[in-house]
Amino acid sequence: MGFKHTGLFPEQSYNWDLIRQTIKEAKREVKVLNLFAYTGAASIAALKEGAKVVHVDSSRGMVDWAKENVKLNNLEKEEIHFLVDDVRKFVKREIRRGNKYDIIIMDPPSFGRGSKNEIWNIENDLDELIQDTALLLSDNPLLYIVNSYTTGLSKIVIENLLNLYLTPKYQGKVISAELGIPMENSNLILPCGSTIRWERN
Ligand SMILES: C[S@@+](CC[C@H](N)C(=O)[O-])C[C@H]1O[C@@H](n2cnc3c(N)ncnc32)[C@H](O)[C@@H]1O
């Protein structure tokens, strides 16, 4: 999520900046769900603005690293719950519990493993995950972000999923951009995937 955006987003709408700005402007308690949360950069961006964060990753090592990053940013006093779990199982449990979130962020890999070795395959599993997470959005959601690094998975496919499962229920729009790393001393950009977001109008 620290990549350069190319395409549709203006420079100021980097995902981490957007997460912070959205929370700041909400001027209310904001609950954030960070899935495939890795070393926690998006969680930290949200904590910095005082949001309550639930951080889920199947790798204990990654969750320990994220905890360390929270400490290094002096944010231990903020409210964050770390879960070592399979994202799909966690989301289904949250639906049963009736928990809701104002912001959902996910950074799914092409292939991965849940905490009990459940196989994650973005092409098979993303549709159901987006459908399920749409049920976790609060009545007044603020933002929903999916990043994809999967070559060959068109961002239009993910836009379509957000338009199918979010747009009919919540007033907002779906936009997307490609992600890339600018090369030094060059105007060339290394393509890295795409970022697709639903945001309020
Ligand atoms: C943030 S993504 C990494 C993105 C990276 N650029 C790539 O393409 O692989 C991967 C994270 O998702 C986690 N992960 C993979 N499968 C998972 C699953 N089924 N449930 C929860 N976390 C999972 C991994 O432990 C890892 O921290």
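Me: Where in the chain is Phe36 found?

Reply: Good place to start! This is a predicted model, in which local features need pLDDT of at least 70, side-chain atom pairs count only at pLDDT 80 or more, and totals for chains, interfaces and linings use all residues. Residues are numbered from 1 along each chain as its sequence is written. With helices (H or I, at least four residues) and strands (E, at least two) taken as DSSP runs numbered from the N terminus, Phe36 sits in the loop between β2 and α2.

Me: What is the phi of Phe36 near?

Reply: Most residues other than glycine have a negative phi. Phe36 is a residue other than glycine, yet its phi is positive, near 55°.

Me: Is Phe36 buried, partly exposed or exposed?

Reply: A residue is buried if 20 or more other C-beta atoms, placed from the backbone, lie within 10 Å of its own, exposed if 12 or fewer, and partly exposed in between. Phe36 has 19 other C-beta atoms within 10 Å, so Phe36 is partly exposed.

Me: And Asn117, buried or exposed?

Reply: Asn117 also has a positive phi, of about 70°, and its place is in the loop between β6 (111-113) and β7 (119-121). Because Asn117 has 8 other C-beta atoms within 10 Å, it counts as exposed.

Me: How many charged residues does the shell around the ligand have?

Reply: Around the ligand there are 17 residues (C-beta atom within 6 Å), and Phe36 is among the nearest, with Ser58, Ser59, Pro109 and Gly112. Ala, Val, Leu, Ile, Met, Phe, Trp, Tyr, Cys and Pro count as nonpolar, Asp, Glu, Lys and Arg as charged, and the others, Gly among them, as polar. The shell has seven nonpolar and five polar residues, and its charged residues number five.

Me: Which residue in β5 is the bridge partner of Leu35?

Reply: Two strands pair if DSSP finds at least two bridges between them. Strand β2 (residues 31-35) and β5 run parallel, joined by four bridges. In β5, the bridge partner of Leu35 is Met106.

Me: Which residues point the other way from Ile103 and Ile105 in β5?

Reply: In a regular strand the side chains alternate between the two faces of the sheet. In β5 (residues 103-106) all four are buried, with Ile103 and Ile105 on one side and, pointing the other way, Ile104 and Met106.

Me: Which helix does the chain pass through from β2 to β3?

Reply: Five bridges join β2 to β3, which run parallel. The crossover between them is right-handed (clockwise from the first strand over the helix to the second, with the strands pointing away from the viewer), and the chain passes through helix α2.
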